[in-house]
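This report describes a single protein chain for a reader who works with coordinates. The sequence and the model are shown below.

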Amino acid sequence: MPKSKRAKVVHLTKTQKKGKELTLRLYANIRECIPLYPYIYVFSVENMRNHYLKRVRAELASDSRVFFGKSRVMAKALGDSPSTEPHPSTSVLSAHLTGPCGLIFSHRDPPSLLSYFSTFHPRSYARAGTISTRAFTLPSGLLYSRAGEVPASEDVPLAHSIEPTLRKLGVPTRLLKGTVELDEPFEVCKEGKVLGSGQTTLLKMFGVAMAEFGVEVRAWWVRETGEVELVGGQGMNGNGVGSKEEVAEMDASREDEFGGFDDNDEG
């Protein structure tokens, strides 16, 4: 029997793609901001976490605007050559838009903004594929929730309901009268080694934060002079001095977590 054309399945979770719309809005917003702010900064992010980037946006909202979108779109808005740049030398910044990076349009001068980011380094839990910054071992005996990271008098024994999860992650634990115990120390990770998903899960379970969110300013443009300054380097005037090779190459791929086009599109 043929299928009825009236019996159609409608997926309520299906949404319309807005890729081109967001791209055009990002381009237009950047072009609109260029004449409104005296400084444009190019920044890169280490150990990206959306909630920390939102904090940066919120704390700079009074005098700045932050964009964190597709590098190629942002570079296009600044101009990819002197003939397409909206203001003198903005195209020079485009060479520094590589990897996970963004733009800050601000009324804050460079010393003020650099000072702010130098003190903003919140810690977070590491993700699979990152490098361990320290060794971590679960001690033998009764397991506590912080596994020796704090004094036992300030800690509490690990809940017995977590014991099956630990065994699934390869930790040879055992239940003894309702308490979780280890017969011998268990090494979770070594310093300088790549972390796997099981290791990062264990680190998070025991409250060990190895990742540090950080924002590094690579370069900035000054509207008054039309010059671009590199952090720790010499200035460039857009006449061929300086190139992409002067900036450390970063991974050009952008994961889904790097979404969000500007301060109005945080998702």
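## Strands, cores and side-chain pairs

Strands β7 and β8 (residues 179–182) run antiparallel and are joined by four bridges. The model is a predicted one, in which local features need pLDDT of at least 70 and side-chain atom pairs count only at pLDDT 80 or more, while totals for chains, interfaces and linings use all residues. Residues are numbered from 1 along each chain as its sequence is written, and side-chain values use heavy atoms, with hydrogens and water left out.

Helices (H or I, at least four residues) and strands (E, at least two) are DSSP runs, numbered from the N terminus. Two strands pair if DSSP finds at least two bridges between them. On these terms β6, β8 and β7 form, in that order, an open sheet of three strands with antiparallel pairing. Its edge strands are β6 (141–142) and β7 (173–176), each of which pairs on one side only. L175 has V180 in β8 as its bridge partner.

**Nonpolar cores**

A nonpolar core is a set of buried Ala, Val, Leu, Ile, Met, Phe, Trp, Tyr and Cys residues joined through side-chain atoms within 4.5 Å. Buried means under 20% relative accessible area, exposed over 50%, and partly exposed in between (1.4 Å probe, protein chains only). The largest nonpolar core has 23 residues, and I30, L103 and F105 have the most contacts inside it. Two or more residues each come from α1 (19–33), β1 (39–46), α3 (71–78), α4 (90–94), β3 (101–106), β11 (214–222) and β12 (227–230). The most is given by α3, with five residues.

Contact means heavy atoms within 4.5 Å. Leaving aside neighbours within four places in sequence, I30 is in contact with F67, M74, A77, L78, L103 and F105. There is also a second, separate core of 21 residues, which includes M48, L60, F68 and V217.

**Aromatic pairs**

A pair of aromatic rings is described by the distance of the centres and the angle of the planes. Rings of Phe, Tyr and Trp (its six-membered ring) pair if their centres lie within 6.5 Å; planes under 30 degrees apart count as stacked, over 60 as edge-to-face and the rest as tilted. The structure holds ten aromatic pairs. One of them is the tilted pair of Y41 and W220, with 6.2 Å centre to centre and 50° between the planes. Because Y41 lies in strand β1 and W220 in strand β11, this pair ties together parts that are 179 residues apart in sequence. Both Y41 and W220 are buried.

The pair of Y52 and F213 is also tilted, since the ring centres are 5.5 Å apart and the planes are at 45°. Here Y52 belongs to helix α2 (residues 50–60) and F213 to the loop between β10 (211–212) and β11, so that distant parts of the chain, 161 residues apart, are linked. Y52 is buried at a relative accessible area of 11%, and F213 is buried at 0%. Ring pairs link Y52, Y116, F117, F120 and F213 into a cluster.

**Charged side chains**

A charge sits over a ring if NZ of Lys or CZ of Arg is within 6 Å of the ring centre and within 35 degrees of the ring normal. The charged end of R108 sits over the ring of Y116, 5.8 Å from its centre. R108 itself counts as buried, at 18% relative accessibility.

A salt bridge is a side-chain nitrogen of Lys or Arg within 4 Å of a carboxyl oxygen of Asp or Glu. The structure holds seven salt bridges, among them those in the table.

| Salt bridge | Closest N to O distance |
|---|---|
| R108 and D63 | 3.0 Å |
| D183 and R174 | 2.7 Å |

E149 is partly exposed at 32% relative accessibility, and R134 is partly exposed at 31%. D183 is exposed, with a relative accessible area of 57%, whereas R174 is partly exposed at 35%.

**M205**

M205 is placed in helix α7 (residues 197–205). At 28% relative accessibility, M205 counts as partly exposed. Not counting residues up to four places away in sequence, M205 touches S145, I162, T165, L166 and L169. The C-alpha atoms of M205 and R146 are separated by 8.3 Å, with the two residues 59 residues apart along the chain.
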